[in-house]
Amino acid sequence: MSVINLKKSISAIIILSLITFGFSGCIDNDSDGDGYNDDIDVFPDDSTEWLDTDNDGLGDNSDGFPNNKNLTEKTVLMEAQFTMFSRNGGFYNRDLQQKDDPWIINEDVKHLFFESEYKSTIGGVLTVEEIKLEGNQSLYLEIKNPEKTVRYNYEELLNNTLIIDITKENSGEWFFNFSCVNLDYDVWIKYNLYLGK
(Lines give C-alpha, C1' and ligand atoms only; values in the text may rest on other atoms or scores of the structure.)
Protein backbone atom coordinates (compact mmCIF):
# COMPACT_ATOMS: atom_id res chain seq x y z
CA MET A 1 0.00 0.00 0.00
CA SER A 2 1.33 3.38 -0.96
CA VAL A 3 1.84 6.21 1.54
CA ILE A 4 -0.99 8.19 -0.07
CA ASN A 5 -3.44 5.29 0.22
CA LEU A 6 -2.36 4.69 3.84
CA LYS A 7 -3.09 8.33 4.73
CA LYS A 8 -6.48 8.09 3.03
CA SER A 9 -7.30 4.90 4.97
CA ILE A 10 -6.33 6.49 8.30
CA SER A 11 -8.41 9.57 7.52
CA ALA A 12 -11.40 7.40 6.62
CA ILE A 13 -11.07 5.45 9.90
CA ILE A 14 -10.95 8.69 11.94
CA ILE A 15 -14.00 10.14 10.19
CA LEU A 16 -15.93 6.86 10.56
CA SER A 17 -15.05 6.71 14.27
CA LEU A 18 -16.28 10.25 14.83
CA ILE A 19 -19.55 9.52 13.05
CA THR A 20 -20.04 6.23 14.92
CA PHE A 21 -19.05 7.27 18.43
CA GLY A 22 -19.91 10.95 18.27
CA PHE A 23 -18.00 14.12 18.84
CA SER A 24 -18.26 13.97 22.64
CA GLY A 25 -14.78 15.32 23.04
CA CYS A 26 -15.46 18.29 20.77
CA ILE A 27 -19.12 19.20 21.26
CA ASP A 28 -20.76 20.20 24.53
CA ASN A 29 -23.51 17.90 25.82
CA ASP A 30 -26.64 19.59 27.23
CA SER A 31 -29.36 16.94 27.54
CA ASP A 32 -32.14 19.21 28.75
CA GLY A 33 -31.26 22.22 26.59
CA ASP A 34 -31.11 24.70 29.46
CA GLY A 35 -27.77 26.18 28.43
CA TYR A 36 -25.76 24.32 31.09
CA ASN A 37 -23.63 21.35 30.03
CA ASP A 38 -24.35 18.02 31.69
CA ASP A 39 -20.95 17.97 33.38
CA ILE A 40 -21.86 21.07 35.45
CA ASP A 41 -25.67 20.70 35.48
CA VAL A 42 -26.83 19.21 38.79
CA PHE A 43 -30.17 18.42 37.12
CA PRO A 44 -29.18 17.37 33.55
CA ASP A 45 -32.69 16.13 32.71
CA ASP A 46 -34.60 19.16 34.05
CA SER A 47 -34.49 22.28 31.89
CA THR A 48 -35.80 24.45 34.75
CA GLU A 49 -33.00 23.59 37.19
CA TRP A 50 -29.21 23.38 37.01
CA LEU A 51 -27.91 24.38 40.45
CA ASP A 52 -28.44 23.24 44.05
CA THR A 53 -26.42 25.62 46.22
CA ASP A 54 -27.38 24.14 49.59
CA ASN A 55 -27.30 20.49 48.44
CA ASP A 56 -30.79 19.71 49.73
CA GLY A 57 -31.89 17.96 46.53
CA LEU A 58 -34.11 20.84 45.44
CA GLY A 59 -32.96 23.12 42.63
CA ASP A 60 -32.30 26.77 43.40
CA ASN A 61 -35.14 27.98 41.15
CA SER A 62 -37.72 25.94 43.11
CA ASP A 63 -36.11 26.47 46.50
CA GLY A 64 -37.45 29.41 48.50
CA PHE A 65 -34.22 29.32 50.51
CA PRO A 66 -31.44 28.21 48.12
CA ASN A 67 -28.72 28.90 50.69
CA ASN A 68 -30.35 27.06 53.60
CA LYS A 69 -30.75 23.29 53.39
CA ASN A 70 -33.12 23.27 56.37
CA LEU A 71 -35.70 25.51 54.66
CA THR A 72 -37.25 25.05 51.24
CA GLU A 73 -40.69 26.68 51.15
CA LYS A 74 -41.15 30.46 51.28
CA THR A 75 -44.52 32.11 51.96
CA VAL A 76 -44.66 35.87 51.42
CA LEU A 77 -46.94 37.76 53.81
CA MET A 78 -46.08 41.20 52.44
CA GLU A 79 -43.73 42.81 49.94
CA ALA A 80 -44.19 46.57 50.27
CA GLN A 81 -42.64 49.32 48.20
CA PHE A 82 -41.28 52.43 49.92
CA THR A 83 -44.02 53.84 52.15
CA MET A 84 -43.82 57.28 53.78
CA PHE A 85 -43.93 57.88 57.52
CA SER A 86 -44.78 61.53 58.08
CA ARG A 87 -42.59 63.95 60.03
CA ASN A 88 -45.57 65.92 61.27
CA GLY A 89 -44.45 65.51 64.86
CA GLY A 90 -45.81 63.51 67.74
CA PHE A 91 -46.58 59.81 67.45
CA TYR A 92 -47.22 58.12 64.11
CA ASN A 93 -48.19 54.47 63.83
CA ARG A 94 -48.73 52.14 60.88
CA ASP A 95 -50.25 48.68 61.08
CA LEU A 96 -48.34 46.64 58.48
CA GLN A 97 -51.39 44.53 57.76
CA GLN A 98 -53.32 47.78 57.10
CA LYS A 99 -56.35 46.08 58.62
CA ASP A 100 -57.54 45.05 62.05
CA ASP A 101 -57.20 41.33 61.44
CA PRO A 102 -53.92 39.72 62.55
CA TRP A 103 -51.87 37.24 60.56
CA ILE A 104 -52.29 33.70 61.83
CA ILE A 105 -48.86 32.07 62.04
CA ASN A 106 -48.57 28.53 63.32
CA GLU A 107 -45.68 26.22 64.16
CA ASP A 108 -45.95 24.35 60.85
CA VAL A 109 -43.51 27.03 59.66
CA LYS A 110 -40.04 27.31 61.18
CA HIS A 111 -39.12 30.97 60.96
CA LEU A 112 -40.47 34.43 60.28
CA PHE A 113 -38.22 36.81 58.32
CA PHE A 114 -38.41 40.60 58.22
CA GLU A 115 -36.23 42.60 55.80
CA SER A 116 -36.34 46.39 55.52
CA GLU A 117 -34.75 49.39 53.81
CA TYR A 118 -34.99 53.06 54.79
CA LYS A 119 -34.69 56.45 53.09
CA SER A 120 -35.13 60.01 54.35
CA THR A 121 -35.82 63.45 52.88
CA ILE A 122 -32.35 64.67 53.86
CA GLY A 123 -30.67 62.49 51.32
CA GLY A 124 -30.56 58.85 50.40
CA VAL A 125 -30.28 55.93 52.75
CA LEU A 126 -31.22 56.62 56.35
CA THR A 127 -28.43 56.18 58.90
CA VAL A 128 -28.49 55.39 62.58
CA GLU A 129 -27.05 58.83 63.31
CA GLU A 130 -30.16 60.44 61.81
CA ILE A 131 -32.40 58.60 64.26
CA LYS A 132 -31.36 59.76 67.70
CA LEU A 133 -32.57 56.76 69.63
CA GLU A 134 -31.32 58.23 72.92
CA GLY A 135 -33.22 61.49 72.41
CA ASN A 136 -36.83 62.32 71.69
CA GLN A 137 -36.83 60.78 68.20
CA SER A 138 -37.37 57.10 67.57
CA LEU A 139 -38.40 54.67 64.88
CA TYR A 140 -39.22 51.10 65.74
CA LEU A 141 -41.05 47.92 64.77
CA GLU A 142 -43.33 46.32 67.35
CA ILE A 143 -44.27 42.66 66.96
CA LYS A 144 -46.96 41.13 69.12
CA ASN A 145 -47.76 37.42 69.31
CA PRO A 146 -49.52 35.17 71.87
CA GLU A 147 -46.29 34.73 73.83
CA LYS A 148 -45.01 38.30 74.08
CA THR A 149 -44.64 41.75 72.54
CA VAL A 150 -41.17 42.76 71.34
CA ARG A 151 -39.99 46.15 70.14
CA TYR A 152 -37.06 46.38 67.67
CA ASN A 153 -35.51 49.79 67.17
CA TYR A 154 -34.16 51.06 63.87
CA GLU A 155 -30.58 50.35 64.80
CA GLU A 156 -31.37 46.66 65.29
CA LEU A 157 -33.14 46.43 61.92
CA LEU A 158 -30.62 48.37 59.83
CA ASN A 159 -28.78 46.10 57.35
CA ASN A 160 -30.08 43.02 59.13
CA THR A 161 -32.72 40.41 58.40
CA LEU A 162 -34.78 39.89 61.52
CA ILE A 163 -35.36 36.16 62.02
CA ILE A 164 -37.85 34.90 64.61
CA ASP A 165 -38.34 31.22 65.44
CA ILE A 166 -41.95 30.06 65.35
CA THR A 167 -42.78 27.83 68.32
CA LYS A 168 -45.81 26.26 69.94
CA GLU A 169 -45.81 29.07 72.48
CA ASN A 170 -45.93 31.95 70.00
CA SER A 171 -48.19 30.32 67.39
CA GLY A 172 -51.44 32.10 66.67
CA GLU A 173 -52.29 35.76 66.06
CA TRP A 174 -49.40 38.07 65.10
CA PHE A 175 -49.53 41.87 64.80
CA PHE A 176 -46.86 44.09 63.22
CA ASN A 177 -46.65 47.85 63.69
CA PHE A 178 -44.10 50.46 62.65
CA SER A 179 -44.04 53.53 64.85
CA CYS A 180 -42.12 56.78 64.84
CA VAL A 181 -41.95 59.57 67.39
CA ASN A 182 -40.98 63.21 66.79
CA LEU A 183 -39.07 62.67 63.55
CA ASP A 184 -37.56 65.83 62.03
CA TYR A 185 -38.11 64.60 58.47
CA ASP A 186 -40.17 62.16 56.42
CA VAL A 187 -38.99 58.57 56.34
CA TRP A 188 -39.70 56.02 53.61
CA ILE A 189 -39.64 52.37 54.62
CA LYS A 190 -39.63 49.36 52.32
CA TYR A 191 -40.21 46.00 53.98
CA ASN A 192 -40.59 42.32 53.15
CA LEU A 193 -42.22 39.89 55.54
CA TYR A 194 -42.17 36.17 54.82
CA LEU A 195 -42.28 32.72 56.40
CA GLY A 196 -39.96 29.76 55.87
CA LYS A 197 -40.48 26.05 56.36
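The charged end of lysine 74 sits over the ring of tyrosine 194, 4.2 Å from the ring centre. This is a predicted model. Arginine 151 does likewise with another ring: arginine 151 lies over the face of tyrosine 140, at 3.8 Å from the ring centre. The table sets out both cases.

| Charged residue | Aromatic residue | Distance to ring centre |
|---|---|---|
| Lysine 74 | Tyrosine 194 | 4.2 Å |
| Arginine 151 | Tyrosine 140 | 3.8 Å |

**Aromatic pairs**

The structure holds five aromatic pairs. One of them joins phenylalanine 113 and tyrosine 194. Their ring centres are 5.0 Å apart and their planes meet at 10 degrees, so the pair is stacked, because planes under 30 degrees apart count as stacked. This pair links distant parts of the chain. Phenylalanine 113 belongs to strand β5 (residues 111-120), tyrosine 194 to strand β10 (residues 187-196).

Trp103, Trp174 and Phe176 make up one aromatic cluster.

**Asparagine 145**

Asparagine 145 is found in the loop between β6 (138-144) and β7 (149-153). Its relative accessible area is 9%, so asparagine 145 is buried, the limit being under 20%. The side chain of asparagine 145 reaches the backbone nitrogen of glutamate 147 at 2.8 Å.

How values were computed: Residues are numbered from 1 along each chain as its sequence is written. This is a predicted model: local features need pLDDT of at least 70, side-chain atom pairs count only at pLDDT 80 or more; totals for chains, interfaces and linings use all residues. Side-chain values use heavy atoms; hydrogens and water are left out. Helices (H or I, at least four residues) and strands (E, at least two) are DSSP runs, numbered from the N terminus. Buried means under 20% relative accessible area, exposed over 50%, partly exposed in between (1.4 Å probe, protein chains only). A polar contact is a pair of N or O atoms within 3.5 Å; within protein, one must be able to donate a hydrogen and the other to accept it, and residues adjacent in sequence count only if both atoms are side-chain atoms. Rings of Phe, Tyr and Trp (its six-membered ring) pair if their centres lie within 6.5 Å; planes under 30 degrees apart count as stacked, over 60 as edge-to-face and the rest as tilted. A charge sits over a ring if NZ of Lys or CZ of Arg is within 6 Å of the ring centre and within 35 degrees of the ring normal.
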